[in-house]
Amino acid sequence: MPTTAPVPQTTAQAQQHPAAPPAGSAASHRFTPREVLVLVVLCASQFLVALDFSVLNVALPVLGPDLGLGEAGLQWAVTAFALPTGSFLLLFGRLGDQLGRRRTFLAGLALFTAASVLAALAPDAGLFLAARALQGVGAAALVPTGMALITTSFAEGPKRTKALSINGSLMALGFTVGMVVGGILTDTLGWRSTMGLLGAGGVLVLVLAPRLLSESRGERARLDVPGALTVTAGLFALVYGLSTAAEEGFARTDVRVALVAGIVLLGVFVRVEARSAEPLLPLWMLRRPTVAFGNLGGLATVSMMTAVVFLMTLYLQDLLGVSALVTGLVFGVQGLASVAGGALAPRIARRVGAGRTLALALTGQGALTAALVGLGVDSGLWLVVVAISLASALHLVAVVTYGVTATSGLADAEQGRATSLVTSAMQLGMALGIPLLSALSVGWAGAVRADGASAAAATLAGIRLSVAADAAALLAVGLLVALTVGRRRAVSGRG
């Protein structure tokens, strides 16, 4: 696949990233005290967004009656946040390039913080859902610009790889911590304290960020309005369709219409970008193997990991009868393994290359997922613990190295677009995996049940088929990544 030569650095970019120390020197791996503070601020903002995706889940049974939200409306407490977050990432990534990433990041963080406080104080469902939507808009602004500030604050090489690995580990930890903290806060202080926690964290980051972050931006250009409208509407429809399908199934008319509309609009977006003189997303960027297959690897690892965690939750509680506490402990071990994987990722990438590491991580995640096909109706707890934990460690290795791979070799002016793609792949992965594989599981279980199998046997058959599909997808994408970017030392993280 043809690639476009990297854009040469301008004088300003060269001044922003002076010549890095030799890759093998100790200085090339160590952060200065100021770099540590910058990384803490940027990672904290990403952690807050990750926390927001899960902190409210366990509070929904309490939140609903308090606000007058019925069972059908409860999903909107989560969807109202996820929709704008997934839909506006590319747009805000480009606006950050043009208006300044620091400025856009701080505006997004301020909106996210204010909306969190509003959600905590909301007297009724309407204001609460509006606040959740505003949180999503703020998150859509701060996530791509925060990641772009990481990639532009740390030159390509060991420091950037290490910075992205820390960020990825904390984001993974945020999902796990959110479930635990959400339960504790809801039981002790009430569900509103979960939103208050996000607001307090946002205020703290807002106090520190302006003093530490330097402005960076890409080339000023006219905003591609047709591209912005079609990609935002397309992603909105796609995320809505997939999020609703996860709760209601694919049979609903609005789900089908939304999915078709999303695909059509994204097709129109590609045509618009091909003809635009100043595209929101230059198609030459997608022709780079590192960008295209790096993001494909990210989409695969995120969608398949969220799906298998969902399936294993059903297996543990519905088939094995495991308590919610034990289930939480199982996934607590998974969270610790994820952090370990994120910590090891930079060392592995420095030795064998980020592209190769991504391919190996995807393949390993797929092989460990395949082991879950051996689950039984009344046994398999320890297999779940071991396989999910090890797969999660490799998942974090993949998350870190797909971010490094997909942003490597690009000039600072393109980092906003590149990191928007990285975060879009992650958001779509979170929305895509669960509805697709849960629908496969339920459909196959129904067919097996119709043939006379017991309910437990049919459920297990559905889970096994979905797990096998999960593993097959990971192994296939791992092979593609190995054949395209896995041989490229240019994305090794060595600088």
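Helix 13 is largely enclosed by the rest of the structure, because 22 of its 31 residues are buried (under 20% relative accessible area with a 1.4 Å probe, protein chains only). The model is a predicted one, in which local features need pLDDT of at least 70, side-chain atom pairs count only at pLDDT 80 or more, and totals for chains, interfaces and linings use all residues. Residues are numbered from 1 along each chain as its sequence is written, and side-chain values use heavy atoms, with hydrogens and water left out.

Helix 13 covers residues 289-319 and reaches 43 Å from its first C-alpha to its last, close to the expected 45 Å (1.5 Å times one less than the number of residues). Helices here are DSSP runs of H or I with at least four residues, numbered from the N terminus. Just after helix 13, G321 adopts a positive phi of about 70°.

The axis of helix 13 comes within 9 Å of that of helix 16 (residues 381-407), and the two cross at roughly 160°. Such axes are lines fitted to C-alpha atoms over the stretch in contact, with angles from 0 to 180 degrees between N-to-C directions. Helix 13 and helix 16 are therefore roughly antiparallel (angles over 145 degrees). The residues of their contact divide into 15 nonpolar, 8 polar and no charged; nonpolar covers Ala, Val, Leu, Ile, Met, Phe, Trp, Tyr, Cys and Pro, charged covers Asp, Glu, Lys and Arg, and polar the others, Gly among them.

A further pair is formed by helix 6 (residues 101-121) and helix 7 (residues 125-153), whose axes come within 7 Å and cross at roughly 150°. Helix 6 and helix 7 are therefore also roughly antiparallel. Their contact residues comprise 17 nonpolar, 8 polar and 2 charged.

Definitions and conventions:
Parallel < 35°, antiparallel > 145°, perpendicular 65-115°, else oblique. Buried < 20%, exposed > 50% of the residue type's maximum accessible area, 1.4 Å probe, protein only.
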